[in-house]
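Visitor: I'm new to this one. Could you walk me through how to read it?

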Amino acid sequence: MTEQRHSRSGLHRIYYRGVAGVRGDLGGSNNWRYEVHGQYSRSIGRYRSQQILQDAYDSGYFQTASCVGTTLPVSGKQCIDIPWTDPFFLRGELTPEQAAFLTDWEEGKTVYTQLTGEATLSGELFQLPAGPFAVALGASIREDKINDTPGDITLAANAWGASASGVTAGKSLTTEAFAEINVPLLADKPFFEEVNFSAAGRVTNVKATRARDGVTDSDNGNFTYKLGLNWTVTDWLRFRGSFGTSYRAPALFEQFLADETSFTPQNRIDPCVNWGGNLAAGNISQRLADNCAADGIPINYGGGGISATIISSGGLGLLEAETSEAMVVGTIL
């Protein structure tokens with residue numbers, strides 16, 4: 001178990017991990033070996049921050065009389081009058097009562113768990129002139145879970161000037177089968193002290209399930225492979241090369257993220273900002289420029305001091321796995 005602690009407004013994390021397994025030899029002349037193991041890990045992270053309360057901030061909007069005696073609608077605090085225009089207040093000299101009214105602390109928690117099991121069998125199938133034809137087979141299963149619960153202020157969207165989000169929770173089940181061979185092609189020859197060919201393949205199936213509604217998404221039959229050649233010329237010179245593919249399913253946060261808000265300036269998303277310059281640069285179409293002009297927007301409109309609320313969420317059922325290809329060649333002296 002490991003434990004990490006940071007500042008009062010930072011992070012406190014506890015991590016557990018346990019591994020158990022068996023391995024052994026099956027006997028015989030072909031060096032058959034087996035290994036079976038399982039692992040469980042759990043990470044608990046608690047994060048704490050101080051927030052300005054949105055409903056406390058809103059209590060001063062269009063205030064024409066004292067709010068004392070009323071209750072804030074979200075935080076439930078008893079309202080007090082804030083001297084918004086007082087010079088001392090404006091430069092941050094708040095009384096303890098004012099600070100307690102306007103701000104509060106919240107704590108969120110993120111829990112990750114992982115349970116895995118794997119079994120492998122390896123040995124030699126038969127002998128070739130240059131050495132044994134070796135093979136390895138295996139299968140694995142892994143369950144990953146996430147449960148991220150923000151603090152009550154964030155869940156209630158009551159943090160002024162900050163994002164709001166919901167509970168991010170779900171799990172994925174990954175099953176895999178794999179095989180690998182190593183084939184000695186040449187050995188103990190002039191300029192071919194050793195030449196080996198290797199090949200490996202893996203099939204991966206992933207099923208993801210969102211906790212809040214039970215919606216699932218499966219991505220099955222993903223095949224990746226790697227081919228390699230290793231040529232030992234002499235005891236001091238070796239060439240090697242490989243070509244392979246890889247696969248990565250979307251991560252838990254990428255799939256299950258609950259609706260989360262953020263803010264972006266108007267000039268980043270409003271197509272009518274500087275529409276004349278953007279039209280000349282080919283960044284917008286003539287039709288869009290005509291629409292901006294028809295609305296009476298100046299050709300060099302710079303945008304206002306406002307922002308837009310952006311909502312992001314996980315892409316379960318929409319995100320596709322990442323794939324790649326890689327070729328590597330090298331020389332070893």
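Visitor: Is glycine 330 partly exposed or buried?

Guide: First, some ground rules. This is a predicted model, where local features need pLDDT of at least 70, side-chain atom pairs count only at pLDDT 80 or more, and totals for chains, interfaces and linings use all residues. Residues are numbered from 1 along each chain as its sequence is written, and side-chain values use heavy atoms, with hydrogens and water left out. Now, buried means under 20% relative accessible area, exposed over 50%, and partly exposed in between (1.4 Å probe, protein chains only). Glycine 330 has a relative accessible area of 24%, so it counts as partly exposed.

Visitor: Which residues is glycine 330 in contact with, beyond its neighbours within four places in sequence?

Guide: Contact means heavy atoms within 4.5 Å. Here glycine 330 meets Arg238, Phe239 and Arg240.

Visitor: How many bridges pair strand β3 with strand β4?

Guide: Strands are DSSP runs (E, at least two residues), numbered from the N terminus, and two strands pair if DSSP finds at least two bridges between them. β3 (residues 32–52) and β4 (residues 103–128) are antiparallel over 20 bridges, with isoleucine 44 opposite valine 111 in β4.

Visitor: What do β4 and β5 form?

Guide: A hairpin, with two residues between the strands. β5 covers residues 131–149, and its antiparallel pairing with β4 runs over 19 bridges. Look for glutamine 114 opposite aspartate 144 in β5.

Notes:
Helices (H or I, at least four residues) and strands (E, at least two) are DSSP runs, numbered from the N terminus.
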